[in-house]
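Welcome! Take a moment to turn the model around on your screen, and then let us walk through it together.

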Protein chains: 2
Amino acid sequence: MPTSDGPPTVETIAARAGVSIASVSRVLNGHGARPNTVRRVEQAAAELGYVPNGVARSLKGGRTRQLTFAMPDVGNPAYVSMVRQIQAVTKPLGYRLLLHSTDAVAEDELDVVRSLADRTSDGLILCPIRVTDAHMEVLARAARPVVVIGSLPGTAAVDSVRADSVSGTVLAVRHLMECGRRRIAFINGPADTVPGRNRLIGYETALREAGAVPDPELIVTTDFGIEAGARAAHRLLDAHPGIDSVFCANDQLALGAAHAAHDRDLRIPEELAVVGMDDSELARAGHPALTSVDLGSAERGRIAAEMLVARLDGGRHEVRCETVAPRLSVRESTTGARTRTAAGVS
Amino acid sequence: MPTSDGPPTVETIAARAGVSIASVSRVLNGHGARPNTVRRVEQAAAELGYVPNGVARSLKGGRTRQLTFAMPDVGNPAYVSMVRQIQAVTKPLGYRLLLHSTDAVAEDELDVVRSLADRTSDGLILCPIRVTDAHMEVLARAARPVVVIGSLPGTAAVDSVRADSVSGTVLAVRHLMECGRRRIAFINGPADTVPGRNRLIGYETALREAGAVPDPELIVTTDFGIEAGARAAHRLLDAHPGIDSVFCANDQLALGAAHAAHDRDLRIPEELAVVGMDDSELARAGHPALTSVDLGSAERGRIAAEMLVARLDGGRHEVRCETVAPRLSVRESTTGARTRTAAGVS
DNA sequence: GCGCAAACTGTAAACGTTTACAGAGTGATC
DNA sequence: GATCACTCTGTAAACGTTTACAGTTTGCGC
């Protein structure tokens with residue numbers, strides 16, 4: 001009995017069109033009906049501005065057409081580009097996107113996975129800050145498909161996309177050597193993370209492969225941040241004036257290093273070449289613009305989204321684990337091409 | 001009849017605990033039951049790892065505990081800080097956040113508002129790129145509470161929070177004058193937007209209020225972007241070497257202007273003071289760091305979220321419209337304090 | 001006009017929860 | 001031990017859809 005108050009439902013439409021609710025549903029979903037019925041239902045629906053209740057639909061259909069993306073920090077440009085790509089893949093397919101910021105607390109990450117059991121979301125893309133045994137435990141019981149962006153133990157029965165920080169770092173260091181640099185310093189971020197360790201491995205690998213011996217004195221570990229990068233660079237340059245280049249674990253650190261160089265009147269790249277990582281807007285914000293390693297955040301986001309929808313559509317295929325190859329964006333902080341920012345008259 | 005397959009439902013629990021589904025629901029929602037019943041239900045629920053189906057709950061309860069935030073561009077730092085604040089307000093209250101990127105297309109904005117009728121979201125925070133008559137039309141019929149971040153006609157029956165670009169610009173220009181600057185150029189963004197027009201008004205107001213006459217020659221309009229800022233600055237400085245300072249419509253433009261100054265060997269701030277707008281990370285990325293107007297994105301996000309939840313909780317109070325006062329973050333690009341980035345040994 | 005197949009339609013059940021209502025149990029009081 | 005008030009419990013309806021099933025109409029060929 002469709003009462004006057006409240007938004008129109010399938011019953012309201014049925015009453016107005018003089019048909020049953022089943023017919024209303026069928027017409028609205030294009031399941032075939034007599035032309036006359038179609039016309040009456042469509043007219044009634046249009047007149048009343050009927051919009052089907054998505055919640056009821058979800059309950060009946062067993063899926064919500066919602067996906068969740070959970071990551072440590074909304075502010076981080078790397079995650080922002082993931083969000084953008086995930087949207088790009090899922091929006092055209094009619095999925096809504098739930099954003100969950102875990103603030104890098106592991107228990108919160110676990111809760112997101114567990115909360116899949118409430119059937120509120122059809123699938124999850126998770127960027128864990130670190131993968132613990134508890135993560136594996138919980139992921140194994142996840143009530144809905146999950147794709148992890150990050151490194152998982154080989155045994156895991158969960159789709160994942162990982163970056164390759166080792167190769168990324170090798171790319172950077174190799175590039176510096178090809179530019180003729182020999183005293184290559186390394187400003188790393190927190191070393192107790194997987195990417196932190198991998199960068200160190202990459203750094204040492206690249207040097208050794210060129211027959212050089214990594215000098216622990218040229219390696220500094222610090223928190224991320226522009227100021228921190230500047231401090232670290234000053235420390236390195238104070239102690240080892242011979243340094244001719246520096247690779248930094250992200251663009252903030254690299255920008256800080258560039259600032260330090262400016263302050264010491266070291267020309268970039270002539271006297272100090274600088275390479276960053278992430279290839280964020282900050283790299284282009286440097287002056288000269290910073291060469292930077294792109295670990296493929298955008299692509300990881302895209303692939304993760306594709307994996308997830310594949311899992312939702314098709315279903316039962318084998319576990320996938322992809323690695324996204326890093327790419328080096330070469331700019332003036334290593335090659336020193338342009339000196340003028342843009343084509344203005346000199 | 002709870003079958004073995006599928007996740008446990010209230011029926012499964014009831015069967016296992018030997019009670020009715022009503023008791024299960026009551027126990028789980030803390031509505032009182034005999035201690036013995038409570039124990040049995042809780043045990044059964046725990047053993048089976050029962051999680052209530054959120055969709056069914058939403059259908060029964062008439063609300064989803066989901067909020068939507070719709071803005072033009074996930075990549076824009078201003079919106080990112082809004083997202084963060086909105087999360088900060090709503091997450092503790094148990095709301096999930098749906099993110100919708102409209103890519104700045106008006107029709108998409110309208111669709112978001114219309115789609116509130118599907119009952120999938122309890123409320124909406126909307127950042128329209130521009131407010132048209134169609135917006136007002138659709139907002140008036142919105143099926144759920146909406147808060148708009150942006151400027152609405154006074155007649156609108158919709159809660160809103162707005163920035164004050166006029167005052168923000170006045171703040172910046174006044175600051176430059178207090179620093180002794182007289183030839184103040186202005187690099188504006190697209191002028192056919194509300195904030196674009198307001199910045200122009202603010203610029204002229206501040207100058208006039210100091211007895212100066214705005215010189216149209218010192219005003220340039222361009223798209224946003226670092227390169228664009230550099231080009232614009234070069235153009236201005238080529239034509240008017242006497243310029244001693246420049247106010248830019250956002251931090252990208254300001255950073256570009258700073259780059260141009262570097263290339264022309266103009267010292268900042270001695271020979272050219274630079275002020276940006278938005279107070280994003282880019283401002284701190286400048287070297288020297290850029291003075292920048294904070295239009296209060298974060299605060300607008302917070303207030304919008306608070307307005308929305310107030311509307312959802314309480315309900316029927318009068319329409320609110322708040323304006324967030326801008327704030328000036330003074331840094332070295334106007335005051336020139338520090339020359340060394342950080343406390344390293346010189 | 002009749003029979004038949006095909007196309008359409010309506011009734012009712014189902015999705016998983018919450019909750020109004022009535023019935024059953026409990027203990028206290030006289 | 002009967003009555004009463006009270007608390008607790010179970011049944012059933014409701015939220016708004018989709019869909020299996022059975023029933024009805026329709027069109028067609030004879």
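Over residues 8-61 of chain A, what percentage of the chain is helix, what percentage is strand, and how far apart are the end C-alpha atoms? This stretch is 70% helix and 0% strand, and its end C-alpha atoms are 20 Å apart. Keep in mind as you look that this is a predicted model. UniProt, in an unreviewed entry, places the feature "domain: HTH lacI-type" at residues 8-61 of chain A.

Let us look at how helices pack there. In chain A, helix H1 (residues 10-17) and helix H3 (residues 35-48) have axes that come within 9 Å and cross at roughly 125 degrees. H1(A) and H3(A) are therefore oblique to each other, and their crossing is right-handed. On the H1(A) side, the contact is made by A:Thr12, A:Ile13, A:Arg16 and A:Ala17, while H3(A) brings A:Arg40, A:Val41, A:Ala44, A:Ala45 and A:Leu48. Sorted by class, six residues of this contact are nonpolar, one is polar and two are charged.

Now turn to chain B. Here the axes of helix H1 (residues 10-17) and helix H3 (residues 35-48) come within 9 Å, crossing at roughly 125 degrees. That angle makes H1(B) oblique to H3(B), and the crossing of H1(B) and H3(B) is right-handed. Which residues meet here in H1(B) and H3(B)? From H1(B) come B:Thr12, B:Ile13, B:Arg16 and B:Ala17, and they meet B:Arg40, B:Val41, B:Ala44, B:Ala45 and B:Leu48 of H3(B). The residues of the contact of H1(B) with H3(B) divide into six nonpolar, one polar and two charged.

Next, follow the DNA. How many residues surround DNA strand C, and which are the closest? There are 27 of them, and the closest are A:Ala22, A:Ala33, A:Thr37, B:Thr9 and B:Asn53. The elements that give two or more residues to the surface near DNA strand C are helix H2 (21-28) and helix H4 (54-61) of chain A, together with helix H2 (21-28) and helix H4 (54-61) of chain B. By class, this surface has 12 nonpolar, 10 polar and five charged residues.

DNA strand D also has 27 residues around it, and those that come nearest are A:Val10, A:Asn53, B:Ala22, B:Ala33 and B:Thr37. H2 and H4 of chain A and H2 and H4 of chain B each supply at least two residues of the surface near DNA strand D. That surface has 12 nonpolar, 10 polar and five charged residues.

The two protein chains also touch each other. Their contact takes 49 residues from chain A and 49 residues from chain B. On the side of chain A that touches chain B, the elements that give two or more residues are H4, helix H5 (77-90), strand E2 (96-101), helix H10 (226-239), helix H11 (251-263) and helix H12 (281-285). Which of these elements gives the most? H10(A) does, with seven residues. Overall, the chain A side divides into 22 nonpolar, 16 polar and 11 charged residues.

Another helix pair is worth a visit in chain A. Helix H8 (residues 165-178) and helix H9 (residues 194-209) pack at an angle of about 40 degrees, with their axes 7 Å apart. H8(A) and H9(A) are therefore oblique to each other, and their crossing is right-handed. Among the residues making this contact are A:Val166, A:Val170 and A:Val173 of H8(A), along with A:Ile201, A:Tyr203 and A:Leu207 of H9(A). The contact of H8(A) with H9(A) has eight nonpolar, seven polar and two charged residues.

Finally, zoom in on some details of the backbone. Most residues other than glycine have a negative phi, and most peptide bonds are trans. In chain A, the peptide bond from A:Ile268 to A:Pro269 is cis, with omega near 5 degrees. You will find A:Pro269 in the loop between H11 and strand E9 (273-277) of chain A. In chain B, a cis peptide bond joins B:His287 and B:Pro288, with omega about 5 degrees, and B:Pro288 lies in the loop between helix H12 (281-285) and strand E10 (291-294) of chain B. B:Asp103, a residue other than glycine, has a positive phi near 50 degrees. Look for B:Asp103 in the loop between strand E2 (96-101) and helix H6 (106-114) of chain B.

Methods:
Residues are numbered from 1 along each chain as its sequence is written. Chains are lettered from A and ligands numbered from 1 in the order in which they are written. This is a predicted model: local features need pLDDT of at least 70, side-chain atom pairs count only at pLDDT 80 or more; totals for chains, interfaces and linings use all residues. A residue is near a molecule or strand if its C-beta atom, placed from the backbone, lies within 6 Å of it. Helices (H or I, at least four residues) and strands (E, at least two) are DSSP runs, numbered from the N terminus. Ala, Val, Leu, Ile, Met, Phe, Trp, Tyr, Cys and Pro count as nonpolar, Asp, Glu, Lys and Arg as charged, and the others, Gly among them, as polar. Axes are lines fitted to C-alpha atoms, for helices over the stretch in contact, and angles run from 0 to 180 degrees between N-to-C directions. Angles under 35 degrees count as roughly parallel, over 145 as roughly antiparallel, 65 to 115 as roughly perpendicular and the rest as oblique. A crossing is left-handed if the near helix is turned anticlockwise from the far one by less than a right angle, and right-handed if clockwise. Two residues are in contact if their C-beta atoms, placed from the backbone, lie within 7 Å. UniProt positions are given in the numbering used here, feature names are shortened, and annotations may be inferred rather than shown by experiment.
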